[in-house]
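Biologist: Can you walk me through a helix and some ring contacts? Show me the model before we start.

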Amino acid sequence: MKIQHKLQEVCFNLSVFFIPLILYPHITTMSPQINSKLPNVGTTIFTVMSALATEYKAVNLGQGFPDYPMSEELTAKVYEAMKQGHNQYAPMPGLVSLRESIAEKVQHLYHTSINPDTEITITPGGTYAIYSALTTIVRPGDEVILFEPAYDSYIPNIEINGGIAIPLPLTYPENKSDSYRINWDLVRSSISPKTKAILINSPHNPTGTVLDKNDIEELKQIVAGTKIFIVSDEVYEHLIYDELPHESMLKYPELFERSFVCFSFGKTYHCTGWKLGYCITPAVLMKEYRKVHQFNAFSCFTPAQAALAVYLKNKEAYLSLPRFMQQKRDYFVELMKQTKFDLLTTHGSYFICASYGRISDEADKDLAIRLTKEAGVATIPLSAFYHNGKDDKVVRFCFSKQDKTLQQAVEKLMKI
């Protein structure tokens, strides 16, 4: 009797397993399967090229990070903050002292009064700040206009929230002394009843383009009388050259009232690995923004916040950045005259783009890989910044490096 019962139990268990396979032959496994929210997304080009640079021991002018030390004073302040006990959760919006320092800085730079309690939130990096802004406002079917070449997180951020990205091409500079520019007539013709936001980036990654007064006036006219939001990526606000002003959304009340303005401490203080930034937006918008933030990161690394709250008082530390980084840009531009690359104009960011028409007609990704393997210099192909892989035969170099690093890279590029 026990054997019979055992056989019945085994038969029942087998039937539970096999009957679904007979009735539903398309099922090949009982484990859950993911229907990807980002089916067209792979590993970022920055990860790919940096890994390739490591493999071939190449000079990495691809990914945007400095290879020189950050301020010893700032790192000392982080250590001091730890010793003073700033090691537990910071408040969800960030340390009050840091938000107050940011508000003082905004007042000093842009003559705009920001409420540190209700209009600033500290975030784990600038990319996170942008993602949270888009998550706050974008619903399925909403359209978001952006400009390509574009930082590679923008479109996935839109699509993962069910939005529809409307990428518009920047105008390629006909002459090397010009920059990529926004075609505002194209923006006007692309506005639809579904347009939820316009995503702008100045100084621009990857091209180094900087918005000017005319761009601001065009943007004002386009959004006036609409419910369109602006998501403004301003992580390179202090890396701007040739004595050009930074046209922040914070300077213009009629733009700020509809804007999420995103910043990065990592880009300002040469500490990209800290992944610390912030978002500024009017209180009514910040209330919704924090609903997203509190259930994602909730709060950020406390010791660095405490240190930055004090260090931000040192205005010269960020006011001297344009001069410091412009020297690096100019040094690299002068060195590159020895090569067959034709550099385009950059007025901001860590980056400068280069046409390689005098070298090769191969695809930019193929050239970037060949440069890494054969010349020992890693770059980023600009086609990686287009949703459709548009290839202008341009690569991007990062010049936020030590002079000896730039010199070593150019010596290798001269052989191409």
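Modeller: The buried residues of α3 pack against α12 (302-311). Buried means under 20% relative accessible area, exposed over 50%, partly exposed in between (1.4 Å probe, protein chains only). Contact means heavy atoms within 4.5 Å. Helices (H or I, at least four residues) and strands (E, at least two) are DSSP runs, numbered from the N terminus. This is a predicted model: local features need pLDDT of at least 70, side-chain atom pairs count only at pLDDT 80 or more, and totals for chains, interfaces and linings use all residues. Residues are numbered from 1 along each chain as its sequence is written, and side-chain values use heavy atoms, with hydrogens and water left out.

Biologist: Which residues of α3 are buried?

Modeller: L74, V78 and A81.

Biologist: And which are exposed on the other side of α3?

Modeller: E72, Y79 and K83.

Biologist: What follows α3?

Modeller: G85, with a positive phi near 100 degrees.

Biologist: Rings now. How many aromatic pairs are there?

Modeller: The count is 17 aromatic pairs. Rings of Phe, Tyr and Trp (its six-membered ring) pair if their centres lie within 6.5 Å; planes under 30 degrees apart count as stacked, over 60 as edge-to-face and the rest as tilted. One of them joins Y236 and Y350, edge-to-face, at 5.5 Å centre to centre and 75 degrees between the planes.

Biologist: How many residues apart are Y236 and Y350?

Modeller: 114 residues apart, so the pair links distant parts of the chain.

Biologist: Are Y236 and Y350 buried or exposed?

Modeller: Both Y236 and Y350 are buried.
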